[in-house]
Every structure is written in C-alpha cells, then in structure tokens.
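Reader: I would like to go through the packing of this model step by step. Please show it to me before we start.

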Amino acid sequence: MDASRRLFLRLGGLAAAGALVSGCTGHTGIERGYADAFALLRRRWREVTAGSGFDAAAAPYQSRLATLGTVAAGHRDTMAPTASSLWPDLAFPSFTTTPARLRGMARAYVLPGTGLTGDPGLGAAVATGIDHYRRHVYAAGALAPVFPYVREGDGFHWDGSFIQHTYVPYQGGYGVVLLSGLATLFAVLRGSPWEIATRHRQVVLDAVERSFAPFVHDGFCMDLVRGRGLGRQPYGDHVKGREIAAAILLLGETASAAERARWQAMVKGWALRDTSVSMLRAAERADLGFHARLAAILADDAIPAADEPSGHRLFPASARAVHRRPGWCAALSMASHRIGHYEHGNGENPRGWHTGSGMLYWWAEGHGDQYSDHFWPTVDLYRLPGTTVSTRRLPDGAGEAWGATRPPGRWVGGATDGVYASVGQHLNGVESTLEAFKSWFFLDDGVVCLGAGISAEDGVPVETVVDNRRTDAPLVVDPRAGWAHLEGHAGYVLYGGARLRRLREERRGGVPRTYVTLWLDHGVDPVAAGYAYLLLPGASLEHTRARAADPAWVAVLANTARTQAVRVPSLGITAVNFWTGGTTGGLTASAPCAVLVRERGDGTAALTVSDPRCDLDELTLTWDRPVAGVLNRHPLLDNAATGARLILRFGRLADLDGGSITVTVRLVERV
C-alpha cells in the first residue's frame, strides 16, 4: 500500500478529534470567502464526527453521554506524554486505540450532557495528545492516490476487490476505515471550494455495492476479507458490519437520491436480520450519530427493508467468491500467486495457515453467529471447512508475514454468469509438498465440491474437511446410501463410495464450544487422491435423503488433475474447469480456462468463459451442439462459427484479469 493511502486510513480518527476542538483563526492573505468556507467545514466536521440530530436529554442518549464523559475524564487524567508513549497503559504507537481515545475525549468536549462539555482542561488534553501523536508518528499525505483503480497490489480493483498489504483482501479492515474516512470528508467538503471531484467521488460511491455490500450478510462482515483481524474479538464480524453500515448511511447523504434510497433499504434489511447482535443497540455504545441515522430509517415505514440479493459474485483479483440463494449464503476463500494464504503480523492471526486453502464458509437462516461466537479461538485450525490440508504441524506464523505467503498456483478463479459459477483452485499447501486441484460448482440449493490430483510427501495424512460446525446438533449418517445430515444445519451427499469420518468434541479457547467435524482421510502421502461431495446448506433430512437417492440429478463428468466437470440436467448446466486444454462433456478447450454453459428453456444457451490464469493471448472453445446463430458478441470474441457445432475463438482474455464474458446463442431444436 502506498504511503499516502495508508496515512489517510490511519489519520481519519485523529483528524476528527482535532477538528472537533479546534478554534477558527484568521490567516493573513486568505480571502474572507475561503475563511468562511473553512469555518463551515469545521462545523460540518463536528456534526458529522461527533453526531447530531438527537435529544441529549432523552434515552438512550442521556446515559450514553454521561458515560462518554466519565470515560473521557479517565483518559484525560491518565494521559502522560513521553517520547515513547501517550498513556502508560497503552502500547505506542497504537493506530487504533490512541486515536479512538482522543476522538472520544473530543466528543465529550463538544457534545452536550457529558459533564465535560466545553471543559478547558479536556480541550487542552485533546490538543496535547493530537500534537504529540502528530510529532511522534506522522505527517499528512495527499488524498488523490486513494481513488484510481489498480490492476495489482493495494487499492480498489475493477472486479470490486480491495487489497491492502499487497496480497490481502481487506474490505473488513482497512477498507471500512477508508470508507468511513471518505464518507466523512465527502459530507464535510460538499459545496465547498475543496469538494472532491465527481469522477473521484463516484469511484467510492460505486464501491459500496461493488466492494463492500457483497461481503456483508445479515449485518456482519464476512471474515474472509478481514485479514489478520478476523480473530481479534468475538462477534468482531458484526462490529465491522456495523462500521460498514454506518459509513454507507453517512455516504448516502452526499450520493444521488437513487443510491441513497437503495443503501437505506439495504442497511435497514441488515439491521432487522442481524438477530445475533442488535445493530441499533450496539450503535448506542459506539456511535450516537450512526444510532440516530439508523433509528430514523428503522422508524420510517416509507423505507423498505431490502432482502438479501440472489446471485453469484466472483472476485478473481482477490481469490474470493460469494454465492447467495434464497435462504442461504456461501463464501469461498482461496490463495493464489497474487493473494496470500493468510496474513499474520503484530502477533495477530499466527495460526490462520489454512484459511486460503479453499475454506468454504456458509450460512443458512439463523446461523449468523456461526463464525462469530468464539469460533477462531476454539476451532481446530487444521480442519477448517472446505479445506484440503496436510496435517503436518506448523509453527505459529509459518511463512512470510503480512500476507506474503503466496503459493505458485496461477489457476485460481472461475467463470460466473452472475447466477451460477464454476470456481477452482490449484492448491499448494503452506510449507508443505501438498498439491491438489479443487473445484466448487455453485448451484441453486447446494455446492458440488470436487477434488483431484491430491498428492503430498510430508509423511503425514492429508484430509479434506467436508465441514466443521460449531454446534451440538444431532448428526445422522447413512454410510451405505452415502449421505449425512446435521439437524438444523445442512445435508451432505458423498459420491464414489467415500468413507466420511466424523468427530464430535468440546474444544476450549478461553470458553468451551462443541464442534461436529466431517472429513475425508486421503491417507499418508497420497498420490492422485480425490473426492466428490455435495453440500446442501439448510437442507432437511428428507431433502438430503432424496438428493442422495437421485443419481441422475448431477453427473460428475470428470474429476482429474486435467479436468473437473459436472452436468446438472434440471438446470441445463454443464460446468468445466479445464486445468489444461482438453475435452469433456461435449466441450473442448484449447488452453486452461473455466467454462459454464447454461441451456435455457427458450431455445437459447449462454456460454460463459474466463481465463483464471490471466495469461491467455487466445482461446478456442468448441461445443458439440448444433447452434443456429450467435445473439450477442463481445469485443474479445474474434470469430464464431455455427452449424453442427459451435466454435468460438477469443482474443486476449488475459486483459480481463480473470473476469468472465458470456456469449448467448440460438440453439437448433433437437429432433
């Protein structure tokens, strides 16, 4: 991350504190109009960052303001600036807690009802703390580098990815700090001589729905974009979800009417569905301004509560995928040559080794706290759901810090038409000889999971973790019929006669939590092992049993280190991950690629293709199916031949950075 962007991220809270207590003084040579405009900015900054629009004498604000004053007085009285600290109980520099304390003190100074409103001693303490932090930690940088899209490394990518520390997806950490800071600046600077240019502002406004909302589910921010912060505190994902929601509501005040309406409906839906941690009650303790905005939209019957969207979002630049269907949601965390297996640093997340080894998170209705309630300190970190791992014991902080532990595999990503997806990962283990080819086919009521070419020489067993749920729910297994069901959670169907291992255990990480673990044992030093199973989130016992008894529902067309493919006749889907060029399921690819074909009931078909390796100058895709004509073209489609079979010739798919393109064709009716 370039220096100016990082400085902006970390200085947001400090600048807010300074603006709250600063006075308005004239400067020789500044025109009166600019002086008045700057005074307006100070007032706006105070209103935006301290909060406004509430009655300080009414509940819940009265008690919260009094508490704010008490806490601020304690910080004022214990502040003791030295060359190496500002408070004796706080490590220095503290990029989060120090600015938070100063900001809280500043709010107590300007807000009514704190008992310290306008207190000169408190104001002087804030000024002293800010000056100390400025002299010992920073100087300010330019804002301009925040806005442009990037094709590698830190910043916003075209596909909605947000990367920090070069290799780490970070919407739920640095990203929300950036979004909050920019929302504040947009609100403060609007209409002034320093207003952010529209072309720059729109990049941030677009990021709400492109970069942040896809990773918020029922009010919490998914852990797979939280970097090393994913295990900092129980329910930390809900904290970050609230911070994103607060930034979005504030940003909406400077957005278009249409954007503001969509975002208010979206946040209202999040708040109503977050039954694990009430967003409104939590806002009372953290941000009274956000509480007031949220309370207003919750009370406004004219603002609808938006449902969770339905569809698939693939983020090839950050090796992430999110799949939503009615009643459930899944998210996939992978690693590639440009995205680290995990991030550790500053002593945080030292055992997150396998979070990028194909970890498949999922939530059905009522499971919003599955990964929130002490999951990370209690779960077996060698058995994260969805992953294929060598059981070789690793040291804390294995590999390079700050996300730099990247595998060599380039084929990571897939193809999506926005509804379904064919996603794959050429997996290389963390400090291991493990290699595997993993595919996920995201469908209506489940995910078909394939693994092939699983090989290792570590001298220890290799496992694929079908699931690891924090629950004490009953588990029913029918090994002869090849299925299992975890009551209230999910169904699992195994193909090929695989033996499902299972364990129920109580684990402790400060608190006890019960887990049900399901896995496949590939043995010690496997050679070309594989697996195939179906995950059915939220499925009933009856649905699971019925799906297992219907072998025609899905056909596994190929499951090798060259090709993995499935066909689902009821959906008209044929999906193939070509690890090398080849032929399967009537499709032939001249080079590695991902292909998703969907035959529709109206006589048309959509063929979606991508270059996950991001290195193809050309690709020829042949479909052994009579086609009457091509209904839409893409600039990268160089040539199309129809007739007894379809031949599509594409140009530089590498220019899409792993993105998908779809070609729609008219089919010849089968006789």
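Author: This is a predicted model. Residues of helix α3 and helix α4 are in contact: Leu68, Gly69, Ala72, His75 and Arg76 on the α3 side, and Arg101, Gly104, Met105, Arg107 and Ala108 on the α4 side. By class, these residues of the α3 and α4 contact are four nonpolar, three polar and three charged.

Reader: How are α3 and α4 oriented to each other?

Author: The axes of α3 (residues 61-78) and α4 (residues 97-110) come within 9 Å and cross at roughly 125 degrees. Angles of 65 to 115 degrees count as roughly perpendicular and those over 145 as roughly antiparallel. The crossing of the two helices is left-handed. The orientation of α3 and α4 is therefore oblique.

Reader: Which residue does the side chain of Arg76 meet in a salt bridge?

Author: Side chains of opposite charge can pair when their charged atoms come close. Arg76 lies in helix α3, and its partner sits 43 residues away in the loop between α4 and α5 (120-137), so the pair links distant parts of the chain. The N to O distance is 3.6 Å, and a salt bridge requires a distance within 4 Å. The partner of Arg76 is Asp119.

Reader: How many salt bridges does the structure hold?

Author: The pair of Asp119 and Arg76 is a salt bridge. For the structure, the number of salt bridges is 31.

Reader: Which strands stand at the edges of the sheet?

Author: The sheet is open, with three strands in the order β1-β2-β3 and antiparallel pairing. An edge strand has a single partner, so one side of it is left without a neighbour in the sheet. The edge strands are β1 (155-156) and β3 (168-169).

Reader: What is the bridge partner of Ile163 in β3?

Author: Strand β2 (residues 162-164) and β3 run antiparallel and are joined by two bridges. In β3, the residue bridged to Ile163 is Pro169.

Reader: Which helix lies across β1, β2 and β3?

Author: The helix in question spans residues 171-189 and runs at about 100 degrees to β2. This helix is α6.

Reader: Are α10 and α11 roughly parallel or roughly antiparallel?

Author: The axes of α10 (residues 279-286) and α11 (residues 288-299) are 7 Å apart, at an angle of about 155 degrees. Their contact has nine nonpolar, one polar and one charged residues, including Leu280 in α10 and Phe290 in α11. Angles over 145 degrees count as roughly antiparallel. The two helices, α10 and α11, are therefore roughly antiparallel.

Notes:
Residues numbered from 1 in each chain as written. Predicted model: local features only at pLDDT ≥ 70, side-chain atom pairs only at ≥ 80, totals over all residues. Heavy atoms only, no water. Axes fitted to C-alpha atoms, helices over the stretch in contact; angles between N-to-C directions. Helix = DSSP H or I, 4+ residues; strand = E, 2+ residues; numbered from the N terminus. Parallel < 35°, antiparallel > 145°, perpendicular 65-115°, else oblique. Left-handed = near helix turned anticlockwise from the far one by under 90°. Contact = heavy atoms within 4.5 Å. Nonpolar A, V, L, I, M, F, W, Y, C, P; charged D, E, K, R; others polar. Pairing = 2+ DSSP bridges.
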